[in-house]
Amino acid sequence: MFSHLPPYAGDPILSLMEQFLRDERPGKVNLGIGIYADGQGAIPVLPSVRSVDQALAAVAAPYTYLPMEGHAGYRQAVAQLLFGADVPAPEHLAVVQTLGGSGALKVGADLIARFFPQPTIWIPDPTWDNHIGIFEGAGFKTERYPYYDAQTKGLAFDAMLAKLASLPKGAVVLLHPCCHNPTGVDPMREQWVQIIDTVEQRGLLPFFDLAYQGFAESLDEDVWAVRECVRRGIAFFLSNSFSKIFSLYGERVGALSVFCPQPGQAANVLGQLKLTVRRNYSSPPMHGALMVARVLSDAALRAQWQAEVEQMRVRVRDMRIKLSAQLKAAVPDRDFDFLLRQNGMFGYTGLSAAQVDRLRDEFGVYAVSSGRICVAGLNDGNVARVAEAMSGVLRG
């Protein structure tokens with residue numbers, strides 16, 4: 001029955017995690033998987049989340065099914081976080097709770113593929129590998145537009161804008177509103193204006209993927225491009241995740257928001273999103289959504305959580321500064337300021353696959369073959385070791 005099934009090579013990042021766990025060297029460092037760790041190298045439980053979790057545990061409520069679209073209070077809280085004081089009216093906005101950001105991408109991809117046969121999505125080069133898997137799995141053809149300039153270690157803005165300006169009307173374009181994965185390279189505000197101008201002029205359909213809101217500049221600044229599309233009346237899809245910014249990885253808490261410029265369209269979109277969810281997993285899980293909704297809807301808890309997110313953002317920025325400074329001291333003929341211009345949890349080091357292999361084999365420092373490191377995996381106890389390992393492979 002199953003003799004024709006080929007083996008699965010495994011996900012490159014998750015397989016790297018398995019290899020790291022098997023490594024018995026005491027000084028090993030995991031900079032591969034995208035998980036935020038605190039200054040002691042532990043995955044934190046945020047105090048704001050812990051207090052809500054304890055309050056929920058004290059209430060003997062039944063574990064019922066949520067509606068297909070998810071918890072109503074959660075969906076409202078998500079909309080307020082994403083869009084601020086100017087949340088679009090219900091006739092313009094459809095929001096569904098999803099299984100993390102990946103689930104939001106999947107639901108959105110399925111909906112587009114059902115009503116726009118043989119769709120193509122244009123994704124940045126490079127992007128998160130699973131973007132390709134999710135959209136191709138939904139029946140999309142994936143094409144790439146220029147994004148990262150390996151020479152400058154920055155944004156290939158002119159080439160990116162030229163490619164977007166050449167796309168046909170209605171083309172779906174994947175955009176990272178902040179903290180681009182894997183490069184950490186984000187457009188500046190004036191560049192975002194030109195990108196959105198092009199999207200508007202060409203009639204493109206943005207699909208924003210937002211996994212790190214608050215990790216670049218602030219909770220509001222990091223969604224400026226999304227809110228600008230609302231202001232201009234540009235239709236878009238938006239997936240967002242609370243895995244990182246609430247440290248709720250295993251709870252799978254995310255959402256998909258669809259902005260519809262024409263009044264009345266959102267009701268039909270919401271209905272079709274519900275049907276898409278029903279055909280995938282019927283309804284989303286409850287516990288993580290309740291915790292997020294409680295934190296975001298309580299003024300004191302929300303202020304506490306915002307301070308916790310800011311603390312995480314500042315710690316990652318501090319690790320960038322320390323890594324850059326130590327690399328400069330070890331390899332003074334090279335420029336490492338590009339690490340300071342990148343945002344979010346990830347850094348694109350420029351290391352080759354062969355150099356990444358040496359990092360792992362000789363020094364026990366694990367990174368993705370593209371040279372991407374998770375800066376959030378650095379701390380005061382290992383940053384010197386990582387800088388020494390990186391400088392060692394750079395010097396040959």
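A salt bridge is here a side-chain nitrogen of Lys or Arg within 4 Å of a carboxyl oxygen of Asp or Glu. The legends describe a predicted model, in which local features need pLDDT of at least 70, side-chain atom pairs count only at pLDDT 80 or more, and totals for chains, interfaces and linings use all residues. Residues are numbered from 1 along each chain as its sequence is written, and side-chain values use heavy atoms, with hydrogens and water left out.

View 1. The side chain of R227 meets that of D220 in a salt bridge, with 3.1 Å from N to O. R227 is partly exposed at 22% relative accessibility, and D220 is partly exposed at 47%; buried means under 20% relative accessible area, exposed over 50%, and partly exposed in between (1.4 Å probe, protein chains only). R189 forms a salt bridge with E221, and their closest N and O atoms are 2.7 Å apart. Because R189 lies in helix α7 and E221 in the loop between β8 and α8, this pair ties together parts that are 32 residues apart in sequence. Helices (H or I, at least four residues) and strands (E, at least two) are DSSP runs, numbered from the N terminus. R189 has a relative accessibility of 36% and counts as partly exposed; E221, at 45%, is also partly exposed.

**View 2. Further salt bridges.** A network of salt bridges links D197, E200, E228, R231 and R232. Elsewhere, R360 forms a salt bridge with D361, the closest N and O atoms being 3.2 Å apart. R360 counts as buried, at 14% relative accessibility. The search of the whole structure finds 18 salt bridges.

View 3. In helix α8 (residues 224–232), the residues A225, V226, E228, C229, V230 and R232 are buried. The elements covering the buried residues of α8 include α3 (72–83), α7 (189–202), β8, β9 and β10, where contact means heavy atoms within 4.5 Å. Just after α8, G233 takes a positive phi of about 75 degrees.

**View 4. The seven-stranded sheet.** Seven strands form an open sheet of mixed pairing in the order β2-β10-β9-β8-β7-β3-β4; two strands pair if DSSP finds at least two bridges between them. The edge strands, β2 (93–99) and β4 (141–146), each pair on one side only. From one strand to the next, the twist averages 20 degrees; axes are lines fitted to C-alpha atoms, for helices over the stretch in contact, and angles run from 0 to 180 degrees between N-to-C directions. Strand β10 (residues 253–259) pairs with β2 in the antiparallel sense over seven bridges, and F259 in β10 is the bridge partner of L93.

**View 5. Helices α4 and α5 across the sheet.** Helix α4 (residues 100–115) lies across β2, β7 (172–175), β8 (205–210), β9 (236–241) and β10, and runs at about 160 degrees to β9. Helix α5 (residues 129–137) lies across β3 (120–125), β4, β7 and β8, and runs at about 145 degrees to β4.

View 6. With a disulfide taken as a pair of cysteine sulfur atoms within 2.5 Å, the count comes to zero disulfides. C179 is in no disulfide, and the nearest cysteine sulfur, that of C178, is 4.0 Å away. C179 is buried, at a relative accessible area of 2%. The sulfur of C229 lies 13 Å from the closest cysteine sulfur, in C260, which is too far for a bond. C229 is buried at 1% relative accessibility.
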